[in-house]
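Please look at the sequence and the structure first.

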Amino acid sequence: MVYVYAENYGCASNRFDFEIMLGQLRAEGYRISDDATKADVILINTCGVKKPTEDRMIERIRRLSLLNKPLIICGCLPRINLEAVRRAAPNFAAMLDPRSTDRIVKAVKSAISGERNRIFFSEAPPPKMKLPKIRLNKTIEIISISEGCLGDCAYCCVRFARGKLHSYPPDEIIKKVEDAVSEGIREVWLTSQDSGAYGMDINTNLARLLKECSQISGKFMMRIGMMNPNHVLAILSELIEIFKSEKIFNFLHLPVQSGDNEVLRKMNRRYTIEEFKKIVEEFRKEIPDLTLSTDIICGFPGEDSEAFENTISLIKEVKPDIVNISRFFPRPNTPAEKMRQLNVKVIKNRSRRLSEIARRISLERNREWIGWEGEILVDEKGKGFSWIGRNIAYKPIVIKSKENLMGRFLRVKITNAFPTYLEAEITS
């Protein structure tokens, strides 16, 4: 019996890939171990989107390699910074990129047979919808609707790992959702590097896919992944209409990255602040309870103090429920790496100031939910006797119970608000 110890990091797409790799290993008779020291093979599925993330990954790879077990390194980092990975684990067994998840069994077999430094990279993704899968959360089904993107953002290194847009056929995605719901799944994440670009390579679009998925019978909810504004604009009215479905969370992840048009131009983001605001206004007009999540990069090259103040003004005006703030770090082989960099202290101060403002707005937005009564879906275990559920707006709501509530729909009343979550009492 061969035991594989596995760790996963990164986004929902990475988690989807991880579940597929585990599914194939289990189908081949391998056992998954929770102890690296007792396993025969070690697998790490990496993320490399930001420099601090890469640093943590490299340190973890270095520590795992010291266990002197065959080490398989998967995910985005091998494509983003191959040399850094090699330095961290010169005697690695195998490396796989996100487009080679179907080769994990081959990689494990070669590792066990004593082979070292094997690289399994592919140019096109495999038919991931058809590969076996293990669900890490028994309530949530993660489905990656496409690989790669159509963008060429000046700061982004993920495109080197994920490549150009490759949308999976709608019928395969719909079948995956149907199967998951029939197996008792209550929450489905439709994820991608850019969900808004879905279908642009196969003559369809995200709104049409969601319309078909929302017609699947059964009680379940769908969370739609990040969408870049320029692709949302092309299908805006269609998208808003389908977001009104009772099976889709009122949750919009729309990254703006900067509140300044000149900085957006340097980032090569292909939309304007005015267009971003138009999308938010249109969505909120039709879906008042919308939870808006956005992303900001602090300190991109060329962001002067006026540009940063424009970002502050935008956040204060739009009032997103969630702001994911990143300090800019140049990534290997990106155009932004060659641009003139800002002082690290300036970036740190801007990030701190923006974080404080965003936190205040998040608390203000969450306080509006106090007194709300309605249904939530419990999709996560909290600390101690607490559970975390989501309401229609995908707000995280903490409830207390000694019972196992995972996967249950409950009626609650919200009693308290914090910047990152709400508290509630179960009413029935």
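Which side chain does the side chain of Ser326 join through a polar contact? The partner is Lys50, at 2.9 Å, where a polar contact is a pair of N or O atoms within 3.5 Å, one able to donate a hydrogen and the other to accept it within protein, and residues adjacent in sequence count only if both atoms are side-chain atoms. The model is predicted, so local features need pLDDT of at least 70 and side-chain atom pairs pLDDT 80 or more, while totals for chains, interfaces and linings use all residues. Residues are numbered from 1 along each chain as its sequence is written, and side-chain values use heavy atoms, without hydrogens and water.

- Ser326 belongs to strand S14 (residues 322-327), strands (E, at least two residues) and helices (H or I, at least four) being DSSP runs numbered from the N terminus.
- With a relative accessible area of 15%, Ser326 is buried (buried is under 20%, exposed over 50%, partly exposed in between, with a 1.4 Å probe and protein chains only).
- Beyond its neighbours within four places in sequence, Ser326 is in contact with Lys50, Ile296, Ile297 and Cys298, contact meaning heavy atoms within 4.5 Å.

**The sheet**
- Three strands form an open sheet in the order S12-S13-S14 with parallel pairing, and two strands pair if DSSP finds at least two bridges between them.
- Strands S12 (251-253) and S14 stand at the edges with a single partner strand each, so one side of each has no neighbour in the sheet.
- S12 pairs with strand S13 (residues 291-298) in the parallel sense over three bridges, and His253 stands opposite Ser293 in S13.
- Helix H13 (residues 305-318) lies across S13 and S14 and runs at about 170° to S13, the axes being lines fitted to C-alpha atoms, for helices over the stretch in contact, and the angles running from 0 to 180 degrees between N-to-C directions.

**Aromatic rings**
- The count of aromatic pairs is seven, where rings of Phe, Tyr and Trp (its six-membered ring) pair if their centres lie within 6.5 Å, with planes under 30 degrees apart stacked, over 60 edge-to-face and the rest tilted.
- Phe243 and Phe283 form an edge-to-face pair, 5.3 Å centre to centre with 90° between the planes, and this pair links helix H10 (residues 236-243) to helix H12 (residues 273-286), 40 residues apart.
- Both Phe243 and Phe283 are buried.
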